[in-house]
Amino acid sequence: MRSCEVLIVGGGPAGSSAAWKLRRAGADVLVLDRERFPRLKLCAGWITPEVVRDLEIDLSAYPHRLLTFPRLRVHFGRWQLPIACVQHSIRRFEFDAWLLERSGAPVEQHNVRHIEADGDGGYVLDGEYRCRYLIGAGGTRCPVYRELFRELNPRAGELQIVTLEHEIQYDWQDSDCHLWFCEGGLPGYSWYVPKEHGWLNVGVGAIAERMKRRGQDIRSHWAHLATQLDRSLAPGAHYEPTGYSYYLRGRVEVVRRDGAFITGDAAGLATRDLGEGIGPAVRSGLLAAEAILAGKHYQLEDVTGLSIGSIARSMLDRIAQAGAFHGRRQRYHGGGGPAHGVRHRDQ
Ligand SMILES: Cc1cc2nc3c(=O)[nH]c(=O)nc-3n(C[C@H](O)[C@H](O)[C@H](O)COP(=O)(O)OP(=O)(O)OC[C@H]3O[C@@H](n4cnc5c(N)ncnc54)[C@H](O)[C@@H]3O)c2cc1C
């Protein structure tokens with residue numbers, strides 16, 4: 001049987017962040033993921049400046065596609081509002097594999113099915129792995145959540161979000177990130193997220209229960225988005241969208257049981273307003289690692305449940321950088337540091 005001090009189930013942003021922190025402190029860590037990295041992860045791939053800061057990422061040294069947006073273009077019906085704030089886009093296929101490798105933790109491909117307490121304060125997984133601490137970072141269908149936490153934290157059906165998305169190679173011309181809210185009564189939003197060097201992610205996400213109550217179907221919203229994009233931002237693009245569902249932040253009563261923790265989507269931490277889950281996954285992974293290393297309480301007060309706060313902070317940073325509070329205008333340099341391969345137009 002393979003033994004380690006900390007076993008992390010899932011090598012996405014939650015798992016790799018925990019592994020990175022633990023490895024830097026010299027802990028004996030092993031990451032198990034059912035997929036071989038780089039692996040496909042359905043996601044728009046929009047990351048906030050908080051993610052960059054929390055993970056101490058030097059954007060100029062990031063070796064893959066990264067685009068910095070100096071604004072978000074938010075659409076409500078006929079209204080279009082440019083929101084000056086700094087956000088970034090990455091491709092999850094590249095970003096997740098890079099984070100996991102950077103963590104320095106050994107990774108094994110293994111689909112975890114069964115977890116039991118070993119009677120000595122630790123855990124045994126599938127009769128093959130033994131650990132003292134166990135971090136559940138396996139996303140929505142995390143086996144650590146299912147086996148140890150589900151009864152204590154049942155998922156709230158009204159917080160389930162369904163999505164359809166596709167990431168394609170496309171020579172986009174508009175380098176801004178566009179978000180459309182409530183189009184055709186959609187209880188959610190759709191997006192156009194360009195990536196560096198000719199990749200584009202488009203998708204629709206909405207609260208499943210509300211859509212059902214309104215007799216709506218995510219596929220018809222997708223068709224509406226595709227038509228709209230064909231007319232304006234992405235003429236001639238072809239899509240084969242895929243669906244995925246996850247949970248927005250609700251009441252998460254129990255996130256630690258003895259030596260076992262749940263983080264990221266396993267704990268249902270995506271923000272209530274925009275379904276942004278990478279930042280909460282990273283932050284919760286780091287907090288779980290800190291709890292193990294420093295014997296601290298594991299609590300999620302510092303994990304934001306709303307994206308609007310991050311966007312507002314970034315807007316204020318931009319205003320400050322532009323010298324608005326000093327009565328003079330400064331050149332804007334891209335917020336979170338000199339971004340690699342930035343392709344946005346200058347101000
Ligand atoms: C269409 C869509 C668009 C999104 N867009 C954004 C966005 O733009 N920005 C943003 O911040 N968030 C976005 N999100 C949310 C974001 O993708 C998730 O919140 C985030 O990936 C959560 O990270 P995680 O590490 O908790 O889980 P994941 O990234 O899902 O990683 C979990 C890992 O666990 C592994 N695993 C699962 N089960 C097992 C098992 N039994 N054994 C071993 N390994 C297992 C999986 O293979 C996976 O690698 C989006 C989600 C969707 C569906």
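Colleague: How many of the 11 residues of strand β4 (residues 66-76) are buried?

Modeller: This is a predicted model. Buried here means under 20% relative accessible area. By that cut-off strand β4 is mostly covered, and the number of its buried residues is 10.

Colleague: Which strand runs antiparallel to β4, joined to it by 10 bridges?

Modeller: The partner joined to β4 in this way covers residues 79-90. In the hairpin that β4 forms with it, two residues lie between the strands, and G77 takes a positive phi near 55°. F76 stands opposite W79 there. The strand is β5.

Colleague: Which residue of β11 does F76 stand opposite?

Modeller: Strand β11 covers residues 177-181 and pairs with β4 in the parallel sense, over five bridges. F76 belongs to β4, which spans residues 66-76. Its opposite residue in β11 is F181.

Colleague: Is N153 buried or exposed?

Modeller: N153 sits in the loop between α4 (143-149) and β10 (160-169). Leaving aside neighbours within four places in sequence, N153 is in contact with Y145, V252, E253, V254 and I262. Its relative accessible area is 7%, and the cut-off is under 20%, so N153 is buried.

Colleague: Which residue's backbone oxygen does the side chain of N153 reach at 2.5 Å?

Modeller: The side chain of N153 reaches the backbone nitrogen of E253 at 3.1 Å. The backbone oxygen it reaches at 2.5 Å belongs to V254.

Colleague: Which residue has a polar side-chain atom 2.9 Å from an oxygen atom of the ligand?

Modeller: The ligand is surrounded by 37 residues, and the closest are D33, R39, R92, D265 and I278. A polar backbone atom of A14 is 2.9 Å from a ligand oxygen, and one of G45 is 3.3 Å from a ligand oxygen. The residue that uses a polar side-chain atom at 2.9 Å is R39.

Colleague: What percentage of the ligand's accessible area does the protein cover?

Modeller: On its own, the ligand has 1,000 Å² of accessible area.

Definitions and conventions: Residues are numbered from 1 along each chain as its sequence is written. This is a predicted model: local features need pLDDT of at least 70, side-chain atom pairs count only at pLDDT 80 or more; totals for chains, interfaces and linings use all residues. Side-chain values use heavy atoms; hydrogens and water are left out. Buried means under 20% relative accessible area, exposed over 50%, partly exposed in between (1.4 Å probe, protein chains only). Helices (H or I, at least four residues) and strands (E, at least two) are DSSP runs, numbered from the N terminus. Two strands pair if DSSP finds at least two bridges between them. A polar contact is a pair of N or O atoms within 3.5 Å; within protein, one must be able to donate a hydrogen and the other to accept it, and residues adjacent in sequence count only if both atoms are side-chain atoms. Contact means heavy atoms within 4.5 Å. A residue is near a molecule or strand if one of its heavy atoms lies within 4 Å of it. Accessible areas come from the Shrake-Rupley method with a 1.4 Å probe; for residues, only the protein chains shown count as cover.
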